[in-house]
Amino acid sequence: MEKTMTAETVWRVWVDTRRRLVSFHEEEGCQLIEFYNRDMFLRCVDEYTGKQYRYQ
């Protein structure tokens, strides 16, 4: 089944700047960042990629 994006869609990442880590699931010691706009979410992911953060 295809998931449809709605006005209520929220993208979430958890970020730990000390360990340079971005997680797509809740992670202890990480700060939650929520996005209500897909473009802003993708810009954030791109920014952390440019800073060589690890993803999990």
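Predicted model: local features only at pLDDT ≥ 70, side-chain atom pairs only at ≥ 80, totals over all residues.

Colleague: OK, sheet first. In what order do the four strands sit?

Modeller: The order is S3-S1-S2-S4, in an open sheet with mixed pairing. Strands here are DSSP E runs of at least two residues, helices are H or I runs of at least four, and both are numbered from the N terminus. Two strands pair if DSSP finds at least two bridges between them.

Colleague: Which strands stand at the edges?

Modeller: Strand S3 (31-35) and strand S4 (54-55). Each has a single partner strand, so one side of each is left without a neighbour in the sheet.

Colleague: And how many bridges join S1 to S3?

Modeller: Five, and the two strands run antiparallel. Val 13 stands opposite Ile 33 in S3.

Colleague: What about S1 and S2, how many bridges there?

Modeller: Three, again in the antiparallel sense, with S2 covering residues 21-23. Val 15 has Val 22 as its bridge partner in S2, and Asp 16 has Leu 21. S1 and S2 form a hairpin with four residues between them.

Colleague: Where is Gln 52, and what's its story?

Modeller: Gln 52 sits in the loop between H1 and S4. Its phi is near 60 degrees, a positive value in a residue other than glycine. At 66% relative accessibility, Gln 52 counts as exposed.

Colleague: Switching to the inside. Which residues make up the largest nonpolar core?

Modeller: There are 10 residues in all: Trp 11, Val 13, Val 15, Val 22, Phe 35, Phe 41, Cys 44, Val 45, Tyr 48 and Tyr 53. A nonpolar core is a set of buried Ala, Val, Leu, Ile, Met, Phe, Trp, Tyr and Cys residues joined through side-chain atoms within 4.5 Å.

Colleague: Which elements give two or more residues to this core?

Modeller: Strand S1 (11-16) and helix H1 (38-50). H1 gives the largest share, four residues.

Colleague: Is S1 itself largely enclosed or exposed?

Modeller: Largely enclosed by the rest of the structure, because five of its six residues are buried. In soluble globular proteins, nonpolar side chains tend to be buried together.

Colleague: Now the rings. How many aromatic pairs are there?

Modeller: Five. Rings of Phe, Tyr and Trp (its six-membered ring) pair if their centres lie within 6.5 Å; planes under 30 degrees apart count as stacked, over 60 as edge-to-face and the rest as tilted. Trp 11 and Phe 41 have ring centres 6.3 Å apart and planes at 20 degrees, so that pair is stacked. Trp 11 is in strand S1 and Phe 41 in helix H1, 30 residues apart, and the pair links distant parts of the chain.

Colleague: Are Trp 11 and Phe 41 buried or exposed?

Modeller: Trp 11 is buried at 18%, and Phe 41 is buried at 12%. Another stacked pair is Phe 24 and Tyr 55, 5.8 Å centre to centre with 15 degrees between the planes. Phe 24 counts as partly exposed at 42% relative accessibility, and Tyr 55 does too at 31%.

Colleague: Which rings form one cluster?

Modeller: Trp 11, Phe 24, Phe 35, Phe 41 and Tyr 55. Phe 41 touches Trp 11, Val 13, Phe 24 and Phe 35, not counting residues up to four places away in sequence; contact means heavy atoms within 4.5 Å.

Definitions and conventions
Residues numbered from 1 in each chain as written. Heavy atoms only, no water. Buried < 20%, exposed > 50% of the residue type's maximum accessible area, 1.4 Å probe, protein only.
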